[in-house]
Amino acid sequence: MFFVAALILLLGLAYYWGKLSRSQSAQWFAKDIPGPQSYPLIGSTHLFLGSDERTFGVVNELFRKYGRMFKLSLGTKTVLCLSDPELIQQALTTSSCQDKAFFYRFLELDYGLISSRYTDWKLYRKLLNPAFNQRILVSFISIFNRCSETMVARMAKEEDREQPFDVLHYTAQCTLEMVCASSLKSDITDDPQARDVCGGIEKMCSIMSSRLFNVLLYSDLLFTMTQRYREMQKLRAKLERVVNDILYGRREEIAKQRHAQPEDEEQYRKPMVFLDQLLHMQRAGQELEMQEIESHLYTIIGAGSETTANQVAFILLMLAMHTEVQDRVYEEIVSIYGAGSPELTHETISAQTYLERVIKETMRLFPVAPLIGRETMETVRLGDVIVPAGVTLLINILTLHRNKELWGERADVFDPDRFDPGQYDARTQHPFSYIPFGGGPRNCIGYRYGMYAMKIIVTQMLCKYRLSTPLTPSDSLGLSFAVTLKVGTGHRIWIKRRA
């Protein structure tokens with residue numbers, strides 16, 4: 001038994017050393033690029049030992065220390081880290097860098113818009129764009145409003161409590177209900193399985209992101225031997241139970257509708273919500289495989305609910321910290337809707353320009369997807385460096401958004417007036433100095449969806465409650481990376497009903 005185990009270990013080391021040798025010869029291009037100390041086999045991963053908070057802090061410090069471009073060795077991989085907006089623009093817009101980085105496969109969503117190969121992504125994006133057009137998004141306003149009102153009603157039990165609560169628990173359930181009711185045509189309000197899914201998505205993201213800076217877990221074989229893998233499979237099974245009910249139920253409905261009344265060409269080409277678009281989508285005359293459709297559903301649920309929930313939680317925390325900003329947002333709400341329950345429309349939401357500045361400033365300081373990655377598909381020039389195919393590019397949006405050379409000495413200060421049209425001139429600001437939804441062709445398909453949802457949730461919250469928090473702007477929030485941006489302190493607030 002010992003002999004077999006030793007043989008497996010030796011074969012694994014031999015395979016790993018072979019990959020290392022090939023990697024070193026292929027990545028000679030980076031020999032003159034600065035970076036932290038690297039060692040054989042492990043690279044620079046010794047720097048990332050410790051908690052998630054410490055690891056993310058080290059990553060941010062490296063980006064601040066080395067600036068424009070540096071290399072980071074993660075086991076056999078040399079990662080090129082970019083901080084300069086000009087280099088970031090090149091990386092995100094050139095066709096040679098449109099494949100996602102290796103760590104996106106940890107999401108196990110091979111066919112989703114976030115992690116699919118560029119060749120597949122082009123087809124998916126083209127066919128799914130109509131599901132996010134303006135007319136469909138406007139039709140979602142009533143759904144977003146209903147889900148937001150339900151969330152606010154659930155919060156009543158938190159009124160005037162001595163202990164603050166983490167508002168993310170409420171925004172997560174709200175945004176999941178929004179996604180299912182709008183893009184998936186399914187009402188899951190108060191479904192106990194759906195409530196479990198909210199926490200499950202967050203835990204799955206944490207497990208997936210933990211593999212990025214642990215080279216031992218790059219191996220799928222080794223990962224399957226861990227407790228994290230077993231936990232993730234249990235969480236995924238819960239998500240599948242919710243998703244499969246929605247998917248197969250809607251597919252059966254569409255089949256019955258087709259049987260009762262066959263679709264003509266004009267009806268087929270009408271814009272449809274996300275799930276219907278997927279179920280009608282064809283490649284070379286064939287419908288998509290169910291595995292592809294499931295990947296897209298997991299992607300829209302994760303991206304549409306997890307990201308929006310976290311971003312709204314940060315917005316509400318900033319408003320609770322900065323009461324003068326909260327007062328201005330509330331005054332704007334009253335000036336547009338009056339003192340009663342708001343009647344939200346596309347026009348009134350668009351008129352909430354100060355709230356939009358607050359959202360933009362929150363996304364600047366706390367971008368919900370702080371780290372994004374690309375992989376070169378062929379040799380490409382980035383600045384003065386010729387980068388071969390197969391190299392991972394890592395972009396830190398959080399440090400980009402807090403760069404004092406780009407945003408001034410007050411770059412770390414929360415100031416919504418930074419985005420006042422009288423102060424903010426997009427023509428003088430580099431277009432890739434602010435990329436909360438990513439940039440280039442593979443930017444977020446749902447950015448307008450997200451803005452609608454965020455504005456409506458915040459409006460309903462402030463109509464009913466005044467927010468406060470024990471946290472202050474000078475407190476460390478314990479930021480960490482778990483696919484999305486997390487806080488160790490929680491998004492802790494108090495709520496008090498308005499008179």
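Q: Which residues touch the most other members of the largest nonpolar core?
A: Start with the general idea. In soluble globular proteins, nonpolar side chains tend to be buried together. In this predicted model, the largest nonpolar core has 160 residues, and Leu80, Met461 and Leu467 touch the most other members.

Q: Which helix gives the most to this core?
A: Helix α13, residues 290-321, with 17 residues.

Q: What does Leu467 touch, leaving out residues up to four places away in sequence?
A: Its partners include Leu316, Leu319 and Ala320. Met461, Ile493 and Trp494 are also among them.

Q: In what order do the strands of the open sheet run?
A: Read across the sheet, strand by strand. The order here is β1-β2-β10-β7-β3, and the pairing is mixed. β1 (69-74) and β3 (99-100) stand at the edges. Each has a single partner strand, so one side of each has no neighbour in the sheet.

Q: How many bridges join β3 and β7?
A: The two strands pair over 2 bridges, in the antiparallel sense. Lys100 has Arg374 in β7 as its bridge partner.

Q: Which helix packs on the sheet?
A: Helix α2, residues 52-66. This helix touches β1, β2, β7 and β10 (392-396). The direction of α2 makes about 145 degrees with that of β1.

Q: Is Ser83 buried or exposed?
A: Compare its relative accessible area with the cut-off: buried means under 20%. Ser83 has 12%, so Ser83 is buried. This residue sits in the loop between β2 (77-82) and α3 (85-93).

Q: What lies 3.0 Å from a polar atom of the Ser83 side chain?
A: The backbone oxygen of Gly67. Beyond neighbours within four places in sequence, Ser83 is in contact with Phe63, Gly67, Arg68, Ile88 and Leu400.

Definitions and conventions:
Residues numbered from 1 in each chain as written. Predicted model: local features only at pLDDT ≥ 70, side-chain atom pairs only at ≥ 80, totals over all residues. Heavy atoms only, no water. Helix = DSSP H or I, 4+ residues; strand = E, 2+ residues; numbered from the N terminus. Buried < 20%, exposed > 50% of the residue type's maximum accessible area, 1.4 Å probe, protein only. Polar contact = N/O pair within 3.5 Å; in protein donor to acceptor, adjacent residues only side chain to side chain. Contact = heavy atoms within 4.5 Å. Pairing = 2+ DSSP bridges. Axes fitted to C-alpha atoms, helices over the stretch in contact; angles between N-to-C directions. Core = buried A, V, L, I, M, F, W, Y, C linked by side-chain atoms within 4.5 Å.
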